[in-house]
Amino acid sequence: PGVASWCLADGLNEGLFGHPFLPGEPAGAPASEPATLRQAQVISAPFDLEWPGTAGVTLAAATASGANDFRFEPSIEWSGGPLSASRRGNPADSATQSFSFGARMSGAVVRDVAHFLVALDYQTLEQPSAFPSASAAASLGGLPVNALSTVATVAVDSFGTSVQSFTQPAVRSWRGGRASARADWQLSPVHSVGVRFGLNRWKEQNPLLGEDPVSGAGTLLEARDLSAAIAVSSTWRPVSNELRAGAREGRRVWTGFALPTTYLLTEDIGIGASPALPGAFREQALELADALTVPMRHHTLKGGFDFGLSRWLVDYLYGEGGIFRFGSLDDFAAAEGTYLRASGPSLTKFSEPGLGLFLQDRWEVMAGLNLSAGVRFERYWYSRGPLIDTALAQVTVLRNDRRPVDGGHFGPRAEQPTSELLSRTYPVC
């Protein structure tokens, strides 16, 4: 999920974030164009203490550099037609059209000294989906009925509202484009500089909303990610150092259908917009990191720091559009349920500076057996300004203005698996 995952490009955070109140929502796309990546790997538990830990997974990627020879590589892909082969994943037999096109260009400004790489692409993807509820069977008045079709019928008969789009499989779509560029200069035999830039902008219609039982029909997500970074690498054999600095901005705007959220608890059915909508989020961040590596005979020492400053703007209030809850389909037909609606200020601004220090040693005990040990210290300073309206505290006499305080913490912690500290490698002939 995006709310618990990291995406690192060349050792800097790419800002892979999602809606904080949609647990399980799929992670978005990084700003870097996939055609510019040299390699990428998914890390479930960071082995290198240079990287901070996360509750989810870390996608670590390294961008490619240009070569001496000029290359231009266009690409185009298209697929379409009904996907009738998958009746479970596409019960409505929805036809989809998906295509993508782009180009990658690389070469040298000065051979063996300065190189560049540029990539652009645009794609539109459509994906059919299953029925929004796993439970097709239900009862109304003691008689067995189809849950989704009966909900649609009762909504028209009892409330005069059509909810057909929320009870049928939706076709989810993703449309957007990306642009990435990288330039590298070998300033001297000791120092080299790399600069990269990435822009990603897309729209999603009817997106997946994580664990929320509503189908997502009528939901629109507009997103934009922008990132820039510079890295200075220095090598004094055998010692090496890499200094990295980056800046990024990410925006997410969710809007939904004007119909209030309605839940049928027994049948686990949701219709209307998610209570997490609408919502607008923006993150602006700066990051500075340095890592020094000192190899010795059987040891490799590595140490450094990373500093980050994130500024957030959040315009969001859970349940702002209203939430109806009915115990069962019978209660829904009888219009017997509960209703709540949140009201109050929704705009929040805050900042989050953070500092990390690490030191580790990789010891080659024998051929094929390595032992790594180290320590990482992190500390965050949370915003001191008012985060929420304190009028609720005056009415309920309950404090709601408490803010987290971080006195710093060390890692890896005792509960982390020992596989992070001990590794064995096997040579392949």
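The model is predicted: local features need pLDDT of at least 70, side-chain atom pairs count only at pLDDT 80 or more, and totals for chains, interfaces and linings use all residues. Residues are numbered from 1 along each chain as its sequence is written, and side-chain values use heavy atoms, with hydrogens and water left out.

The chain holds four helices and 23 strands (DSSP runs numbered from the N terminus; helices are H or I of at least four residues, strands E of at least two). Of its 429 residues, 38% are buried (under 20% relative accessible area; exposed is over 50%, partly exposed in between; 1.4 Å probe, protein chains only).

Arg252 lies in strand β13 (residues 239-255). Its relative accessible area is 2%, so Arg252 is buried. Its side chain makes a polar contact with the side chain of Asp225, at 3.0 Å (a pair of N or O atoms within 3.5 Å; within protein, one must be able to donate a hydrogen and the other to accept it, and residues adjacent in sequence count only if both atoms are side-chain atoms).

Ile76, Trp78, Phe99, Phe101 and Tyr122 form a nonpolar patch on the surface (residues with over 30% relative accessible area and no salt bridge; nonpolar side chains are joined within 5 Å, like charges within 9 Å). A salt bridge is a side-chain nitrogen of Lys or Arg within 4 Å of a carboxyl oxygen of Asp or Glu. Strands β5 (71-82) and β6 (95-110) each give two or more residues to the patch. Tyr122 sits in strand β7 (residues 114-127). Tyr122 is partly exposed because its relative accessible area is 31%.

Note on methods: Accessible areas come from the Shrake-Rupley method with a 1.4 Å probe; for residues, only the protein chains shown count as cover.
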